[in-house]
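This report goes through one structure by topic. Please keep the sequence and the 3D view at hand while reading.

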Amino acid sequence: MEEVCESKDFSFPKHEEKILEFWSEINAFETQLARTKDMPEYVFYDGPAFATGLPHYGHLLAGTIKDIVTRYQSMTGHHVTRRFGWDCHGLPVETEIDKKLNIKTRQDVLNLGIDAYNEECRSFVTRYVEEWEKVVTRSGRWIDFRNDYKTMDLKFMESVWWVFAQLYEKGLVYKDFKVMLYSTGCKTPLSNFEAGQNHKDVSDPEIMVAFPIVGDPDKAAFVAWTTTPWTLPSNLALCVNPNLTYAKVCNRCSGRVYVVAESRVSSLPSERPRGAAYDGSNIYEVLERFSGTTLVGKKYEPLFDYFMEFSDVAFRVLSDDYVKGDSGTGVGHCAPAFGEDDYRVCLANEVIKKGEGLIVPVDENGCFTERVADFSNLYVKEADKAIIEAVRLKGRLVKSGTITHSYPFCWRTNTPLIYRAVPSWFIRVEQLKEKLLENNKLTYWVPDFVKEKRFHNWLKCKRLGS
């Protein structure tokens, strides 16, 4: 076959346009569908594009691959229905409407009216239809724009509810909390991918806080380290690593006695009180060493009194290997509503119960609720200073400073993300795991290593499905 090169006498783009004109003149796509209408149906599920922006390279690449698959199936004796789709739900559309109407809070939506808000979202969906059809058609893809579908179509939404109802009737649906990275700007949790889109180096407070041990003969206190002081009002437990060695140490100048991981004694404040006698030796004297397991179950004095009704099960030491001996103090402070490990460990140790009873004293705007009375209506990040001062006045502030680290921000609103427990519906994937694994074996994957590696491992380790 003779090689064709682009030159002044031949242009690939212009030749492509001639082919598109020819396809249009003979109704090539429609004719193919008509000729194959009595052939076996090849069902092709095409994930719809978001209706909030213009097509980019990623859409064109995926669209070309989809076109190759569907053309091949048509050529091998199948009827392949191809309808363009639009994803109309969720954050992308809502964010655009919020910008347009200057909506900042959930109350703003309620004041406007949910029906009016939904209508604004619906009207936005058709904004880029012409541009999408022009670009996709120019790429040579055969797909039906006249008979498209939208996820806001009643039939589509009812089909999703039907599937959900089937799962519910089988007892596979339950409601629970999940701690997720949450955007206070968008008032919603973000996917892991979105949460990683906008990291910034920021300066945050880092403090060490004393938690006096109930009944300790030396009046010792556990010392926990945190870069999120705003989570301290929600503290329900402390956590140690069962495999680490801990030390009870006494400050030779102040006489204060602390318990931290032995490897982290050096992180305690080294300055001595003004005028205190000091002979130059190590400022901390080791009184006792013990393993982390011996600390489990010890009670401590709560820092705040907002959750005293949990006293019977809370304000005690738990253990888990998420706590490390190479950072902080080797003692983790647990606020189960605001940390993945905190929630997991507190749930496993029955500090909290599985279900809908978790108290989350921060609202969807990122402000404290009345439950945390001293800081109610304060945005959590802005409350840090006031909380640190409250800890100092209680005589529980061991050390304070700042740390510069990489922190995730919402890429849409440029507001800092926080970990926050969100009530969600979940599928009991554990009960379906074996069937899912068996069906995966029957699935043809391209590339094939995804079948035995990535997807198999994901199914095998999956605990929850939202």
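## The sheet

Met208 stands opposite Trp225, a residue of strand β7. Strands β6 and β7 (residues 221–226) pair in the antiparallel sense over six bridges; two strands pair if DSSP finds at least two bridges between them. Helices (H or I, at least four residues) and strands (E, at least two) are DSSP runs, numbered from the N terminus. The model is predicted: local features need pLDDT of at least 70 and side-chain atom pairs count only at pLDDT 80 or more, while totals for chains, interfaces and linings use all residues. Residues are numbered from 1 along each chain as its sequence is written, and side-chain values use heavy atoms, with hydrogens and water left out.

The open sheet has six strands in the order β11-β9-β10-β7-β6-β14, with mixed pairing. At its edges stand β11 (284–291) and β14 (397–408); each has a single partner strand, so one side of each is left without a neighbour in the sheet. From one strand to the next the twist averages 30°. Helix α11 packs on the sheet and touches β6 and β14, and its direction makes about 25° with that of β6. Contact means heavy atoms within 4.5 Å. Axes are lines fitted to C-alpha atoms, for helices over the stretch in contact, and angles run from 0 to 180 degrees between N-to-C directions.

## Salt bridges

How many salt bridges are there? The count comes to 21, where a salt bridge is a side-chain nitrogen of Lys or Arg within 4 Å of a carboxyl oxygen of Asp or Glu. One of them joins the side chains of Asp204 and Lys381, at 3.9 Å from N to O. Asp204 lies in strand β6 (residues 199–212) and Lys381 in helix α11 (residues 380–393), so this pair ties together parts that are 177 residues apart in sequence. Asp204 is buried, with a relative accessible area of 9%, and Lys381 is buried at 18%. Buried means under 20% relative accessible area, exposed over 50%, and partly exposed in between (1.4 Å probe, protein chains only).

Arg146 and Glu133 also meet through their side chains in a salt bridge (2.8 Å, N to O). Arg146 belongs to strand β3 (residues 144–150) and Glu133 to helix α7 (residues 129–138), 13 residues apart. Arg146 counts as exposed because its relative accessibility is 64%. Another salt bridge, at 3.0 Å from N to O, links Asp341 and Arg344. These two are three residues apart in helix α10 (residues 340–348), so about one helical turn separates them. Asp341 is partly exposed at 30% relative accessibility, and Arg344 is partly exposed at 35%. Salt bridges with shared partners join Asp216, Asp218, Lys248 and Glu288 into one network.

## A buried arginine in a loop

Arg264 is in the loop between β10 (257–261) and β11. Is Arg264 buried or exposed? Arg264 is buried, because its relative accessible area is 19%. Leaving aside neighbours within four places in sequence, Arg264 is in contact with Gly325, Asp326, Ser327, Gly328, Thr329 and Gly330.
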